[in-house]
Each structure stands twice: as C-alpha cells, then as structure tokens.
Amino acid sequence: MTDDNYVLGLLGGLVVLGLSLELVRRRHVRGRLALGWMVVGIGAVVLAVYPAGLYWLADVLGVRVPLNLVLFVGVLFLLVITMQLANEVGRLEAKTRRLAEEIAILTAGPGAPKDSGTPPD
C-alpha cells in the first residue's frame, strides 16, 4: 500500500472520530451508538498508523485476506447497529401508543364534552 492510502485511512478515522464526538457534544447521539462510532474511528486511526496490526490480527484469527476481516467486522458492526435501532424503534412505538391511549382516555373523561353523534350543520 502507498502512503496515500494510509493518509486516507487516517483522515477517514479522524473524521469519524471527530463527527461522533461532535454529535455527542450536541446530544444528537447518545449511549452505545456514540461509543460504537468512536471505537470505529479509533480503530481506523490505529490501523492507519499501524497497518501491520491488521495483518497480524488476520493471521492470529486464521483469515487469509486481511481485507476480508475488515469487511466481516464492518458487517457485524452494522448488524449490531441495525438491531439496536430496531429495538429502539419498537420501544418508541410502544411508548407512543401508550401516550395516545392516555390522551384518548383524558379527552373522553367525565369532564369532556359529549358528542351527540350528529354532524354539525
């Protein structure tokens, strides 16, 4: 690999790390998602500074092509993020449904105006 590739990897890792820190600072991203993206940024920076580490890790894990290891870890990371976001969507749907039911109960309570069932003129 050329030095340009290492510089590109380093810049990419720094951008991901910087963006994740900024999103945490602005409170747009919280918790495990922010931690995951910071780990990705730090990992990209480490691999750009020390690319032999990827070859060593691939050799230790028995992966013949180091790029396959990177792609496999990337797919696993995206799968975990997708599952976490799906869990969050389900939780928010249940919360929204519960709040809508509570609003319906409050608006149909004893002090609520009665609907005569006839349309207004």
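Mentor: Contact here means heavy atoms within 4.5 Å. The model is predicted, with pLDDT of at least 70 needed for local features and 80 or more for side-chain atom pairs, while totals for chains, interfaces and linings use all residues. Residues are numbered from 1 along each chain as its sequence is written, and side-chain values use heavy atoms, without hydrogens or water.

Start with the pocket (an open set of points on a 1 Å grid where a 1.4 Å probe fits, with protein on both sides within 12 Å along at least five of seven lines). The largest pocket holds about 880 Å³ of space, counted as the space filled by probe spheres set on the points. Its lining takes in 25 residues, each with an atom within 4 Å of a point. Gly 43, Ala 44, Leu 47, Leu 54 and Val 70 lie nearest the centre. By class, 19 lining residues are nonpolar, six are polar and none is charged; Gly counts as polar here.

H4 gives the largest share, eight residues.

Now the packing. Take H3 and H4. Leu 54, Tyr 55, Leu 57, Ala 58 and Leu 61 of H3 touch Pro 66, Leu 69 and Val 70 of H4. Leu 54 and Val 70 sit in this contact and are also among the residues nearest the pocket centre. The contact has eight nonpolar residues, no polar and no charged. The two axes (lines fitted to C-alpha atoms) come within 9 Å and cross at roughly 85°. H3 and H4 are therefore roughly perpendicular (65 to 115 degrees).

Next, H1 and H2. Their axes are 8 Å apart, at an angle of about 160°. That makes H1 roughly antiparallel (over 145 degrees) to H2. On the H1 side, the contact includes Tyr 6, Leu 10, Leu 14, Leu 17 and Leu 21. On the H2 side, it includes Trp 37, Met 38, Val 40, Ile 42 and Ala 44. There are 16 nonpolar, four polar and no charged residues. Ala 44 is in this contact and is also one of the residues nearest the pocket centre.

Last, H2 and H4. They pack at about 170°, axes 11 Å apart, so H2 is roughly antiparallel to H4. Arg 32, Leu 33, Gly 36, Trp 37 and Val 40 of H2 meet Phe 77, Ile 81, Gln 84 and Leu 85 of H4. Six of these residues are nonpolar, two polar and one charged.

Methods: Helices (H or I, at least four residues) and strands (E, at least two) are DSSP runs, numbered from the N terminus. Axes are lines fitted to C-alpha atoms, for helices over the stretch in contact, and angles run from 0 to 180 degrees between N-to-C directions. Angles under 35 degrees count as roughly parallel, over 145 as roughly antiparallel, 65 to 115 as roughly perpendicular and the rest as oblique.
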